[in-house]
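Subject: Handover of a structure and its findings

Dear colleague,

Please find below the structure that I am handing over to you. The findings follow it, grouped by topic.

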Amino acid sequence: MTDTVTEHFTEQLSLRARALLHGLGASLPEPGDLHARTPVSGGVLLSLTADTPTTVDAAIGRAAGAFGAWRTVPAPVRAALVRKLAELLVTHQHELAELVTLEAGKIGAEALGEVQEMIDVCEFAVGLSRQLYGATMPSERPGHRLMETWHPLGVVGVISAFNFPVAVWAWNTAIALVCGDTVVWKPSDTTPLTALACHTLLRRAAVEVGADPEVHQLVQGGAAVGEALVDDPRVALLSATGSVPMGAVVGPRVAARFGRCLLELGGNNAAIVAPSADLELAVRGIVFAAAGTAGQRCTSLRRLIVHRSIADQLVERLVAAYSQLPVGNPLDDGVLVGPLINERAYTAMQEALTRAEADGGENLCGGERVELIGPDAYYVRPALVRMPGQTGLVREETFAPILYVLTYDDIDTAIALNNDVTQGLSSSIFTLDQREAELFLAGSDCGIANVNIGTSGAEIGGAFGGEKHTGGGRESGSDSWKAYMRRATNTVNYSTELPLAQGIHFG
């Protein structure tokens, strides 16, 4: 596109974003120095006024003030707010999904899926509201009852990333609210409009069910806003999603004030393809995991560990599949790969490809920029690179659609390669051999280990998170709710005696 055409296209996208915000009930923000850019064209959709340390302090104060009453509301009653939010998300699913596409560049199907994930976790949280179970244990003392109970924790700070601008917020917020916590959300400064829309819907849900809207606060801006949440002692739990370097700063700072941290950081995810694998199934799983969301998922597939006997055959199939991937405007039908989020992501991808070649890698296909919508939009073809071994580059996470192909000779070596990175988020194996599958499930050191599916596309029912430099946090399903509550051990003496534990006599 020419510059004039690109400017006109961005103007149309801006008008559409304004219309979507209006349809979702959000007031248009006051113009300021926080620019909501669209990766679709690289232009600015809207400008907002960023929060300051003073306004962040006030938001945390409002959340802390609301906690005192919210914690006393019975959990099934608190769930009414989350249930109403789910209803509003169902009503506005397409509008919110389109806003996700405009701000994050996701294709329509993935954006709709992300909003569906929000709906799903709300339903999960509503059911959870009647299952915040404690435990009762036998006491060694007669006439005593020993038990554990769970209680609301306090203010939960949520720092989310651009690649899942709404789903990760919902994972944290739906469960935190049901657990009796209040929430202060700092979204990525790349996706402020989707955050404004979600905040508006939650506030509307609160009004409709008679809950206090102050249980949820939204603060917008850059690093200074996030740091205010990190350092504030009123924030009992900080849930942060982002890069490993970010987590390396956040974790110690929260720990220094004896706060709790829930970190969801980088992933350098691998899939093993065994000789017995169903290659047609494997190719489909590999391509989606590696190229979906333009390789910008924390669970994106970045390393492919293939048995030497089938490597050439599988690579040939993958090259053919990659050559057919439609790259383009994510608002258009039929597109499977949208844009990278910004120039920085494109530069990192090109630097990684250059390093791969220097390390002896062979670029089998992809990596080139596709000039579609002006100079400030970064569309690239997903790259497939065959590497001679797991070099330092391969051990790093590049947040872009690059898939490194490695080979192995025995299953123990494959599992060792899977584990030989500092990250530990997601992993998978494609095999029809039960022994290999079981060895992999027992041997993978990742928080997620799959058989005959790719590394991405987690369901909300299972706890999501990873080990090692991925941070160790768990969000969404299973018993991840325990991170948002505090545990108390209670002893009730219903006897007329006062025996001491361990048979101690003090007299």
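How many cavities of 30 Å³ or more does the structure hold? There is one cavity of that kind. Please note at the outset that this is a predicted model.

**The cavity**

The largest cavity has a volume of about 50 Å³. Its lining includes Ala-104, Gly-105, Lys-106, Ile-107 and Glu-110. Thr-293, Ala-294 and Gln-296 also line this cavity, as do Leu-336, Val-337, Gly-338 and Pro-339. Sorted by class, the lining consists of six nonpolar, four polar and two charged residues.

The largest pocket holds about 1100 Å³ of space. It is lined by 45 residues, of which Ala-161, Gly-242, Ser-243, Met-246 and Arg-344 are the closest to its centre. Helices α8, α9 (244-256) and α12 (343-358) are the elements that give two or more residues to this lining. The most comes from α12, which gives seven residues. In terms of class, the lining of the largest pocket has 21 nonpolar, 14 polar and 10 charged residues.

The second largest pocket contains about 340 Å³ of space. Among the 24 residues that line this pocket, Glu-117, Phe-164, Arg-297, Gly-457 and Ala-458 are the closest to its centre. Two or more residues of the lining are given by each of α5 (108-128) and α6. The largest share, five residues, belongs to α5. The lining of the second largest pocket divides into nine nonpolar, six polar and nine charged residues.

**The parallel sheet and its helices**

An open sheet is formed by five strands with parallel pairing, in the order β7-β6-β5-β8-β9. Strands β7 (216-218) and β9 (260-264) are at the edges and have a single partner strand each, so one side of each is left without a neighbour in the sheet. From one strand to the next, the twist averages 15°.

Within this sheet, β6 (residues 182-186) and β7 run parallel and are joined by three bridges. In this pairing, Val-183 stands opposite His-216 of β7. Helix α6 (residues 167-178) packs on the sheet and touches β5 (155-159), β6, β7 and β8 (235-241). The direction of α6 makes about 165° with that of β6. Helix α8 (residues 223-231) lies across β5, β6 and β8, and α8 runs at about 150° to β6. As noted above, α6 also contributes to the lining of the second largest pocket, while α8 contributes to that of the largest pocket.

**The antiparallel pairings of β4**

Strand β4 (residues 144-152) runs antiparallel to β3 (residues 135-137), and three bridges join the two. The bridge partner of Met-137 in β4 is Leu-146. Together, β3 and β4 form a hairpin with six residues between them. Gly-143, in the turn of this hairpin, has a positive phi of about 70°.

Strand β4 also pairs with β23 (residues 485-493) in the antiparallel sense, over nine bridges. Here Glu-148 stands opposite Thr-489 of β23.

**The surroundings of Leu-132**

Which residues is Leu-132 in contact with, leaving aside its neighbours within four places in sequence? They are Ala-75, Arg-78, Val-178, Cys-179, Trp-481 and Met-485. Leu-132 itself lies in the loop between α5 and β3.

**Aromatic pairs**

Five aromatic pairs are found in a search of the whole structure. Phe-162 and Phe-399 have ring centres 6.1 Å apart and ring planes at 80°, so the pair is edge-to-face. Because Phe-162 lies in the loop between β5 and α6 and Phe-399 in the loop between β15 (383-386) and β16 (402-408), this pair ties together parts that are 237 residues apart in sequence.

Yours sincerely,

A colleague

Key. Residues are numbered from 1 along each chain as its sequence is written. This is a predicted model: local features need pLDDT of at least 70, side-chain atom pairs count only at pLDDT 80 or more; totals for chains, interfaces and linings use all residues. Side-chain values use heavy atoms; hydrogens and water are left out. Two strands pair if DSSP finds at least two bridges between them. Helices (H or I, at least four residues) and strands (E, at least two) are DSSP runs, numbered from the N terminus. Axes are lines fitted to C-alpha atoms, for helices over the stretch in contact, and angles run from 0 to 180 degrees between N-to-C directions. Contact means heavy atoms within 4.5 Å. On a 1 Å grid over the protein atoms alone, a cavity is a set of points where a 1.4 Å probe fits but cannot get out, and a pocket is an open set with protein on both sides within 12 Å along at least five of seven lines; lining residues have an atom within 4 Å of a point. Grid points are joined across faces, edges and corners, and a volume is the space filled by probe spheres set on the points. Ala, Val, Leu, Ile, Met, Phe, Trp, Tyr, Cys and Pro count as nonpolar, Asp, Glu, Lys and Arg as charged, and the others, Gly among them, as polar. Rings of Phe, Tyr and Trp (its six-membered ring) pair if their centres lie within 6.5 Å; planes under 30 degrees apart count as stacked, over 60 as edge-to-face and the rest as tilted.
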